[in-house]
Amino acid sequence: MPSDLAFLVATLTRRGLLRPGSPRRVAAQLGALRNWGFSLAGELRQAAARDPDRVALIDEEHGDISYRELLDRAERLARSLRIRYGVTEGYRIGLLCRNHSGLVETVLAGGLLGADIVLVNTGLSGAQLAAVAAEQRIRLLVHDAEFLDRVVGLPTEVERLDEREYPGLVAGAPPGELRPPARDGRTIVLTSGTTGTPKGARRPTPSGLGPLVAIIDRIPLHAGVRMMVAAPLFHTWGYAALQMAFALRGTVVLHRRFEPLAALEAMRRHSCTALFAVPVMVQRLLEVPTATPRPPLEVVAVSGSALPGGLATRFMDRYGDVLYNLYGSTEVSWAAIATPAELRRAPATAGRPPHGTRLAIVDPHGEPTPAGRVGRILVGNELLFEGYTAGGREPDGRGGPEPDARGGPVGGRLLDTGDLGHLDADGLLFVDGRADDMIVSGGENVHPSEVENVLAELPQVREVAVIGVPDRTYGQRLAAYLVLHPGETLDPDAVREYVRRYRARFSVPRDVIFVPALPRNATGKVLTRELRRYHRAA
């Protein structure tokens with residue numbers, strides 16, 4: 001549509017992507033996109049064609065790596081993988097790696113060959129890893145040296161490549177030409193698995209600039225941005241940050257592990273203006289002294305889990321109005337983005353849908369709900385996932401998608417997120433929790449997230465999680481798990497009275513349990529199954 005084209009051009013211009021350049025390099029850049037598409041490998045090629053000497057990656061082991069060098073290393077690794085392991089179109093590579101250049105180079109090498117990449121959560125146990133490898137039919141698992149003890153139980157048909165073998169594969173790469181594969185490689189991201197075994201969700205390759213423009217219109221990232229990607233690259237949000245950085249011909253700073261003081265120092269040293277993180281990382285930044293001088297941050301973009309009550313305000317009070325919160329999931333990519341102004345006005349909001357995104361709140365009959373009324377959140381955009389992968393089957397007609405356990409496509413264009421939420425009178429979205437987290441206590445619907453937000457406001461509370469547990473009398477009741485700041489104390493009755501002051505009596509948690517830490521996965525999401533196991537044991 002003409003209006004969509006005008007919006008795209010205006011946004012690209014505003015973010016500096018349409019600045020004039022060398023005619024030869026611009027032609028090479030457009031040629032790379034035409035031949036290789038908008039995959040991560042295609043974005044690398046276009047960036048290397050336009051700005052070959054710009055620094056693409058900075059990590060702890062290798063320092064600065066330019067786009068020219070990164071493309072050369074990825075091509076060398078691709079040729080070695082093709083000869084040594086027979087990697088070709090449709091071959092499936094698993095990656096069990098933290099954030100470093102080796103992971104990026106392997107994803108790129110696989111993309112250059114048309115291989116499928118399975119991004120594996122580093123928090124999986126050995127048994128979970130073996131199950132995922134078998135379920136996803138991984139043929140080669142590339143892993144960091146620290147995970148050697150977890151890969152010993154892999155199926156015998158899965159070959160293993162230790163990160164310590166990278167230098168030899170790159171340096172000793174055979175000659176040969178790499179042509180665009182006839183079939184784009186698939187990127188498979190595992191769901192968080194907070195309530196069970198993670199599933200593989202196939203992510204589509206962008207068909208153009210639309211997805212990038214939708215995000216950077218709401219989050220002001222500019223061409224040549226220098227960003228630290230602290231969110232794990234195996235997570236949808238971390239991987240999306242890498243895709244956007246390459247599309248913007250930016251520089252990405254990577255650390256294997258997130259340590260607040262080290263991250264602040266790295267962002268200051270490398271003049272990072274953007275940070276991509278998950279909410280628990282932002283919370284940890286508030287628990288350490290601010291670096292002096294501060295990093296020149298203009299954007300701190302978070303996603304992956306809900307912002308605890310009051311966190312947005314506390315963070316912006318210290319770092320300025322730079323916080324952006326993207327609400328989405330592995331399956332729907334994005335649904336809404338909250339800007340600093342919106343978070344100042346309503347710290348719990350998920351914001352508004354970006355350009356080209358459809359969002360609906362519906363009742364159990366599929367009818368739209370009025371403002372203020374809670375319903376299921378449905379989303380439509382250009383990057384809805386293409387189905388769950390099961391046993392290596394592809395959700396494109398050759399084996400069919402695994403059914404979406406949380407509702408599936410609605411009307412062919414909207415996907416049920418599995419979340420409950422509501423819109424206010426001004427169209428701001430608020431997420432009220434998972435549909436399967438809502439409990440019925442004595443006939444009343446209770447959303448645990450509402451109670452979490454209330455308890456997070458207590459100054460003594462560092463972290464809180466609220467879940468539903470069985471109750472013989474009322475069917476279900478709430479149990480609250482609280483982590484206090486060092487040196488603080490709270491009485492369970494005081495906690496209940498505080499909730500009673502702000503919520504109805506059926507929202508008051510019967511069980512108040514103080515714990516040293518909440519169980520979280522590698523992306524910072526609370527593992528509710530572990531809390532329920534703890535509750536049963538108690």
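Start by selecting Asp 419 and Tyr 327: their side chains make a polar contact at 2.6 Å (a pair of N or O atoms within 3.5 Å, where one must be able to donate a hydrogen and the other to accept it; residues adjacent in sequence count only if both atoms are side-chain atoms). This is a predicted model, where local features need pLDDT of at least 70, side-chain atom pairs count only at pLDDT 80 or more, and totals for chains, interfaces and linings use all residues. Residues are numbered from 1 along each chain as its sequence is written, and side-chain values use heavy atoms, with hydrogens and water left out.

Stay on Asp 419, which lies in strand β19 (residues 414-423). Is Asp 419 buried or exposed? Buried, with a relative accessible area of 9% (buried means under 20%, exposed over 50%, partly exposed in between, with a 1.4 Å probe and protein chains only). Leaving out residues up to four places away in sequence, Asp 419 touches several others, including Gly 375, Arg 376 and Val 431 (contact means heavy atoms within 4.5 Å).

Next, select strands β12 (residues 299-302) and β13 (residues 323-327), which run parallel and are joined by three bridges. Val 302 has Asn 325 in β13 as its bridge partner.

Now zoom out to the open sheet of eight strands, ordered β2-β1-β10-β9-β11-β12-β13-β14, with mixed pairing (strands pair if DSSP finds at least two bridges between them). Colour β2 (63-66) and β14 (336-338): they stand at the edges with a single partner strand each, so one side of each has no neighbour in the sheet.

Terms used:
Helices (H or I, at least four residues) and strands (E, at least two) are DSSP runs, numbered from the N terminus.
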